[in-house]
Amino acid sequence: MLAFNWAIALGLLLTANTNAAILDLTTANSSGTINGAIYQQTDPSSTGTGVFNAFVQLSPSGNNDTAHGYNTTVNNILNNGSSSQHNHAITLAEVPLVVVGNALYRAFLLDINESAGGTNEFISLDEVQVFAGGGANLSVTTFGTVHGAGVLDHPGTLVYRMDAVADSFVMLNYDLNTGSGSGDMFLYVPNINFAGFLPSDQVVLYSAFGGQEANLPGYGATAGFEEWGIPSGLPNSIPEPTTWTIAAVGLVAAWRFRGRT
């Protein structure tokens with residue numbers, strides 16, 4: 001079988017939308033920005049979900065290779081998990097503040113859970129939507145009515161969206177870290193986005209995974225749950241990110257090749 005040409009596939013994706021941001025975080029310590037938020041590969045080296053402070057877990061249903069959902073204790077809402085210990089409301093006060101450069105950000109931690117090796121270690125993060133206010137532990141499953149096309153109909157205020165400008169995604173690699181519960185990526189959302197909200201206001205994080213499988217084989221959600229958590233023990237100041245954003249078709253030629261035979 002001919003090797004899959006990743007550069008051509010990515011070139012076609014970017015040609016379709018030259019405003020798209022595609023972040024390759026499949027190498028250690030890589031990072032970049034999408035719509036003002038920082039996405040940073042990391043290895044906090046925790047020891048499992050019992051230590052990882054998860055507030056939402058998402059798993060594909062049936063034979064699907066995609067998963068999406070948000071933090072709520074209500075079961076069977078999109079693809080969220082059933083454990084209220086790891087699927088629940090959070091407040092703004094619980095989301096830690098960090099300084100990156102000279103700006104304040106709110107920090108979230110993503111832990112992915114894929115299979116090791118054979119290109120099964122990869123997964124795409126296709127969308128992130130963060131809401132402030134609007135109530136806790138809801139059961140909303142519709143999109144596009146309240147905040148515009150493609151956005152969860154949450155009654156809160158949409159304070160951040162990965163795809164606000166264009167259809168963007170992040171490429172992630174499970175093999176870089178030590179298994180489920182170790183943490184794989186920090187998401188830093190500008191604190192100014194939460195201006196006017198109280199520490200007691202609810203924060204809801206919707207995310208979607210695996211949507212690039214058709215274009216980038218191996219990037220589907222094919223194993224266990226993906227989970228978001230509240231990081232702890234962060235330093236007060238974090239170095240500014242390197243830049244791995246692919247924002248122009250002309251840069252695709254520099255993209256590395258991967259393939260399966």
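A residue is termed buried when its relative accessible area is under 20%, exposed when it is over 50%, and partly exposed in between (1.4 Å probe, protein chains only). The model is predicted, so that local features are reported only at pLDDT of at least 70 and side-chain atom pairs only at pLDDT 80 or more, whereas totals for chains, interfaces and linings use all residues. Residues are numbered from 1 along each chain as its sequence is written, and side-chain values use heavy atoms, with hydrogens and water left out.

By the burial criterion, E127 counts as buried because its relative accessibility is 6%. R161 is likewise assigned to the buried class, at 17% relative accessibility. The side chains of these two residues, E127 and R161, form a salt bridge with an N to O distance of 2.6 Å, a salt bridge being a side-chain nitrogen of Lys or Arg within 4 Å of a carboxyl oxygen of Asp or Glu. Strands (E, at least two residues) and helices (H or I, at least four) are DSSP runs numbered from the N terminus. One salt bridge is found in a search of the whole structure. Side chains of opposite charge can pair when their charged atoms come close.

Nonpolar packing was examined next. A nonpolar core is defined as a set of buried Ala, Val, Leu, Ile, Met, Phe, Trp, Tyr and Cys residues joined through side-chain atoms within 4.5 Å. The largest such core has 37 residues, of which Y39, L125 and W228 touch the most other members. Strand β9 (residues 122-132) gives the most to this core, contributing five residues. With neighbours within four places in sequence left aside, the contacts of L125 (heavy atoms within 4.5 Å) include Y39, L110, M162, F169 and W228. Another core, of eleven residues, lies apart from the largest one and has I38, F52, V100 and Y105 among its members. In soluble globular proteins, nonpolar side chains tend to be buried together.

Strands are taken to pair if DSSP finds at least two bridges between them. Strand β7 is joined by four bridges to strand β8 (residues 103-111) in an antiparallel arrangement, and V98 has Y105 of β8 as its bridge partner. Two residues separate the strands in the hairpin of β7 and β8, where G101 takes a positive phi near 65°. Strand β7 also runs parallel to strand β15 (residues 237-238), to which two bridges join it; here V100 stands opposite I238.

Four aromatic pairs are present in the structure, where rings of Phe, Tyr and Trp (its six-membered ring) pair if their centres lie within 6.5 Å, with planes under 30 degrees apart counted as stacked, over 60 as edge-to-face and the rest as tilted. The pair of F122 and Y219 is stacked, because the ring centres are 5.0 Å apart and the planes are at 15°. F122 belongs to strand β9 and Y219 to the loop between β13 (202-209) and β14 (226-229), a separation of 97 residues. Both F122 and Y219 are buried. An edge-to-face geometry is found for F143 and Y206, with 5.4 Å centre to centre and 65° between the planes. F143 lies in the loop between β9 and β10 (157-161) and Y206 in strand β13, so this pair ties together parts 63 residues apart in sequence. F143 is partly exposed at 28% relative accessibility, whereas Y206 is buried at 5%.

In the loop between β5 (67-70) and β6 (90-91), N87 is buried, with a relative accessible area of 0%. A polar atom of the N87 side chain lies 2.8 Å from the backbone nitrogen of Q57, and the side chain of N87 also reaches the backbone nitrogen of G81 at 3.3 Å. L78, placed in the loop between β5 and β6, has a positive phi of about 55° although it is not a glycine. The relative accessible area of L78 is 22%, so this residue is partly exposed.

Technical notes
Polar contact = N/O pair within 3.5 Å; in protein donor to acceptor, adjacent residues only side chain to side chain.
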